[in-house]
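Thanks for coming, everyone. I'd like to walk you through one model today, so let me put it up on the screen.

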Amino acid sequence: MPPGREDKRLNPTAAVNGGGDFLSSLPEGILHHVLYFLPPHEAVRTSVLSRFWRDLWRSMTALRISDDGRWSSAADFNTFVNNLLLFRDRSPLREFEFYTYFHPQMQSDEYKDSDEVVRYVDMWIQHAFMCGVRVLKVIGMSLPRPMVLVNVPLIAKHLETLQLWSVLLDGCSMDFSRCERLEDLMMDDCRISGHRMVSKSLRRLRVCYCHFSHDTRTRISVPSLVSLQLDGNRGLTPFLERMPLLVTALVRLGPTAALKDLDGSQTCVLLESLSNAADLELVAESRATIFKQDPKWCPKFNKLKTLILSDWVLGHDIRALKVILQHAPILEKLILQLSDDHNYGIEMEESCSLVQQFLPSEHLKVFEVRCRMDDEMVRKFEKMLKAFGITSITFTLQEPDS
C-alpha cells in the first residue's frame with residue numbers, strides 16, 4: 001500500500017474499527033470524480049489529508065472552476081486560477097469548465113475592473129487545448145452584456161464538446177475546421193460577429209438567445225449536422241448551407257430576428273437548408289413569414305415526417321398549408337400552433353375546405369391544432385371539420401401565460 005494510505009491521524013476517513021483508509025483505497029478515477037464536485041479551492045485543500053492525497057488534485061482529469069462568492073476581486077480570483085493551472089501536472093484533461101469572476105456591480109456600466117475579469121481567458125483556453133481537453137465549457141458571468149472575448153485560434157484535435165455562454169465571437173473563434181473531433185457545439189447569450197462558422201465534424205448545434213450582426217449575415221457551413229436548434233436569436237438570421245444528414249431541427253425566430261428570404265433560385269434560403277429534416281419545428285414570435293402560397297418558395301421535404309408550425313410562420317394564411325402538404329409527400333404528423341391574435345386572410349369555411357383536400361391522406365395520421373380559442377369557437381371549428389368528413393384532427397387548448 002502506498003505511503004500515507006494508513007495515516008489515520010490526518011485522514012478523517014479512516015475506519016473506526018481499526019480498518020484501513022477506505023476512501024483512499026478507491027481507484028483514482030473515482031476520487032477524481034469526487035474532487036470534481038468540490039469547489040477548486042477545497043479540492044486543493046485535500047492535499048493536507050495525508051501524503052497519498054498531497055498531489056492527487058494535480059492529476060484531476062476534470063476541472064470545474066467558479067468564483068463561488070469567495071474572492072473579493074477579479075485579480076484575486078485570476079491569481080488563484082493561474083496558480084491552479086500552473087501547479088497541476090500536464091496529465092490529460094477530459095473536461096474543463098470555468099466561470100469568469102462575477103461581482104454585482106458588473107451589472108452596471110460603473111464597474112471599473114472589466115479588463116481584469118477577462119484578462120486570462122484566452123490563456124486558460126489554450127491550457128485546456130494543450131492538455132487535450134475533450135469537453136470545454138466557457139461561462140461568462142458578465143451580465144447584462146458579454147465581455148468574454150474568445151480570440152484564440154481553435155486548434156484542439158481532441159475537443160468533442162464546446163459550450164459557450166455570454167461570449168463574444170469573431171471570425172477567428174468561429175473556425176472549427178481544426179477541431180477535427182468536435183461534434184457538439186452549444187452557444188447561449190453570445191454575441192456573434194463572425195462572417196462564417198465552419199466545421200466538417202459537427203453533429204449537433206444549439207444557438208439560443210444569441211445576438212447576430214444586423215449588418216452582415218453569418219454563414220454556417222456544417223455538412224455533417226444531424227441536429228439543429230436556433231432559438232430566440234436576434235439580428236440577421238444566419239445563412240445555413242446544405243445539411244444533407246439533418247434529422248431534427250427547431251428554428252424559433254425571436255421578436256427582433258431579421259430574415260432575408262430569397263436566394264437566386266427564388267426559394268426560401270432557410271427552408272432550403274432544412275429540407276432534409278425528418279422532424280422540423282418552425283416558430284416565429286414576430287411577423288416573419290416563411291411559408292407563402294407561391295410553390296416556388298418551398299423546396300421538397302421528401303424525408304419530413306413531423307412538422308410543427310406557428311401561424312406567424314404561415315403569415316396568418318392557412319392557404320400556405322397547401323404548399324407545405326404538396327411538398328411533404330410522407331408527412332405523418334402536423335401540428336399547428338395558433339396565436340391569440342389569429343386573423344387569417346381567408347374565412348374559416350375556406351380553411352376547412354382546404355384541409356379537406358389533403359385529409360385523410362395516405363401518410364398523415366395526426367393533425368393537431370394548439371390554440372387558446374374559446375370553447376365556442378373550438379366547437380364551431382370542429383363541427384365544420386366533421387361536416388367535411390375530417391375526424392383525425394385534435395384540438396389542444398393551452399393555458400394563458402401567467
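Let's start with the helices: helix 3 passes helix 5 in a left-handed crossing. Left-handed here says that the near helix is turned anticlockwise from the far one by less than a right angle; clockwise would be right-handed. Helices are DSSP runs of H or I with at least four residues, strands are E runs with at least two, and both are numbered from the N terminus.

Before I go on, this is a predicted model, where local features need pLDDT of at least 70, side-chain atom pairs count only at pLDDT 80 or more, and totals for chains, interfaces and linings use all residues. Residues are numbered from 1 along each chain as its sequence is written, and side-chain values use heavy atoms, with hydrogens and water left out.

Back to our pair. Helix 3, residues 74–87, packs against helix 5, residues 121–130, at an angle of about 20°, and the axes are 11 Å apart. That makes the two roughly parallel, a label for angles under 35 degrees. The axes are lines fitted to C-alpha atoms over the stretch in contact, and angles run from 0 to 180 degrees between N-to-C directions.

Who touches whom? From helix 3 you get Phe77, Asn78, Val81, Asn82 and Leu85, and they meet Met123, Trp124 and His127 of helix 5. Contact means heavy atoms within 4.5 Å. These residues divide into five nonpolar, three polar and no charged. For the record, Ala, Val, Leu, Ile, Met, Phe, Trp, Tyr, Cys and Pro count as nonpolar, Asp, Glu, Lys and Arg as charged, and the others, Gly among them, as polar.

Now, the rings. How many aromatic pairs does a search of the whole structure find? Five. Rings of Phe, Tyr and Trp (its six-membered ring) pair if their centres lie within 6.5 Å; planes under 30 degrees apart are stacked, over 60 edge-to-face, the rest tilted. Phenylalanine 96 and phenylalanine 98 have ring centres 5.4 Å apart and planes at 40°, so that pair is tilted. Phenylalanine 98 also pairs with tryptophan 124, with centres 5.3 Å apart and planes at 85°, so this one is edge-to-face. Phenylalanine 98 sits in strand 2 (residues 95–99) and tryptophan 124 in helix 5, so the pair ties together parts 26 residues apart in sequence. Both of these residues are buried, meaning under 20% relative accessible area with a 1.4 Å probe, protein chains only.

Finally, ring pairs link Phe77, Phe96, Phe98, Tyr101 and Trp124 into a cluster.

Technical notes:
Parallel < 35°, antiparallel > 145°, perpendicular 65-115°, else oblique. Buried < 20%, exposed > 50% of the residue type's maximum accessible area, 1.4 Å probe, protein only.
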